[in-house]
Amino acid sequence: MQRFLPSIRIHAWGGLGSQLFAVALAQDISEKFPQRRIRIVLHSGGVTHRIPEVTSLYPQWDFQFVDDFVNRGELTDDCSPSRTIVSKALYRGLIKNFLFRSGIASSCDNNEEFSNIKPWLLICRGHYSYRSIGSKFLSELDKTLTRNLPPLDARDICAIHYRMGDLLTLKEKNPISGDLILNQFESASKIYNFKTLIIFSDSPNDATKIFETVKHIEILVPDTSTVEAIAYSADSKLFIGTSSKISFWISGIRSQIRKKPSLLPEENLAQFRELIGNNINLITTYSISE
């Protein structure tokens, strides 16, 4: 019966970190309903324009790309919505409520919602980031990431993932203070004997300025893809992450697969706890509100 139902469409918004959560969900749904077909729909829409980055890692999945990004700066202010717009919004709300209450749709954002999905599920629309991610998925991801990359001698390397870029200009997303990250590195340097610091950032010039006071150590700010940043950060002696899903995935691989320590913001504990598994002892948290 299930094989004759339409494909389950898993919608995802955001960059590679969000896209990986969608693939992890697809994997778990396929194991739960092995006869169902699944399509992962990647949207460019959101706060910033995002492109598919996960497709090359998982060519076995059926992907669809929807370019629905709208630049908020180009939107015109309207004093008051028309009755037609209000009516359409109310209608869409009623339809959405029916789809979710009937089990045709689910957000699948956490373990409870996932366990309650119905065999007739057709639509997943959520962030999926509070679900448990098993070591099997992380192990396969780790192997996929490093398959075509040269090995890294990471014995004396500290890796930092510090996303800035669009965060510098968006009110909704404020980057963590560079001085705070610098302080975390300097504190860690008193414990670990680092010879190299690698900073993975989408704003290399800004990142270089933040760490220009660090002396007697090699500092690298390579121009790499997000995939390379995850792979190399996962293998370093210590990893310092920020409030980014990419940082959470890196720490998940490190804790569950590599058994290596990481530093992450304590304010994001709920967001990365399910990726860390039972190895929370490998995570040292720092506060971004200081």
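Helices here are DSSP runs of H or I with at least four residues, numbered from the N terminus. With that in hand, welcome to a short tour of this predicted model.

**Figure 1. Gln-184 sits in helix H5, which spans residues 178-189.** Is this side chain's residue buried or exposed? Gln-184 is buried, because its relative accessible area is 15% and the cut-off for buried is under 20%. Leaving aside residues up to four places away in sequence, Gln-184 touches Ile-240, Leu-263 and Tyr-286.

**Figure 2. Overview of the protein chain, with its 9 helices and 11 strands.** Of the 290 residues in the chain, 43% are buried. Among contacts with a separation of 6 or more, 61% join residues 24 or more positions apart.

**Figure 3. Helices H4 and H8 cross at roughly 110 degrees.** Two packed helices are described by the angle between their axes and the distance between the axes. Here H4 covers residues 135-146 and H8 covers residues 245-258, and their axes come within 9 Å. The two helices are therefore roughly perpendicular to each other, as the range for that label is 65 to 115 degrees. On the H4 side, the contact is made by Ser-135, Phe-137, Leu-138, Ser-139, Leu-141, Asp-142, Leu-145 and Thr-146. Facing them in H8 are Trp-249, Gly-252, Ile-253, Gln-256, Ile-257 and Arg-258. Sorted by class, this contact has 7 nonpolar, 5 polar and 2 charged residues.

**Figure 4. The largest nonpolar core holds 53 residues.** Which residues have the most contacts inside it? They are Ile-10, Ile-29, Tyr-58, Cys-124 and Trp-249. Helix H1 (residues 16-32) gives this core its largest share, 9 residues. Another core, of 21 residues, lies apart from it and includes Leu-180, Leu-197, Ala-207 and Phe-211.

**Figure 5. A closer look at Cys-124 and the residues it touches.** Cys-124 is one of the residues with the most contacts inside the largest core. Not counting residues up to four places away in sequence, Cys-124 touches Ile-8, Arg-9, Ile-10, His-11, Leu-25, Ile-29, Ser-106 and Cys-108. Two of these partners, Ile-10 and Ile-29, are also on the list of residues with the most contacts in that core.

**Figure 6. Leu-269 belongs to helix H9, residues 269-276.** Leu-269 is partly exposed, with a relative accessible area of 26%.

Notes
Residues are numbered from 1 along each chain as its sequence is written. This is a predicted model: local features need pLDDT of at least 70, side-chain atom pairs count only at pLDDT 80 or more; totals for chains, interfaces and linings use all residues. Side-chain values use heavy atoms; hydrogens and water are left out. Axes are lines fitted to C-alpha atoms, for helices over the stretch in contact, and angles run from 0 to 180 degrees between N-to-C directions. Angles under 35 degrees count as roughly parallel, over 145 as roughly antiparallel, 65 to 115 as roughly perpendicular and the rest as oblique. Contact means heavy atoms within 4.5 Å. Ala, Val, Leu, Ile, Met, Phe, Trp, Tyr, Cys and Pro count as nonpolar, Asp, Glu, Lys and Arg as charged, and the others, Gly among them, as polar. Buried means under 20% relative accessible area, exposed over 50%, partly exposed in between (1.4 Å probe, protein chains only). A nonpolar core is a set of buried Ala, Val, Leu, Ile, Met, Phe, Trp, Tyr and Cys residues joined through side-chain atoms within 4.5 Å.
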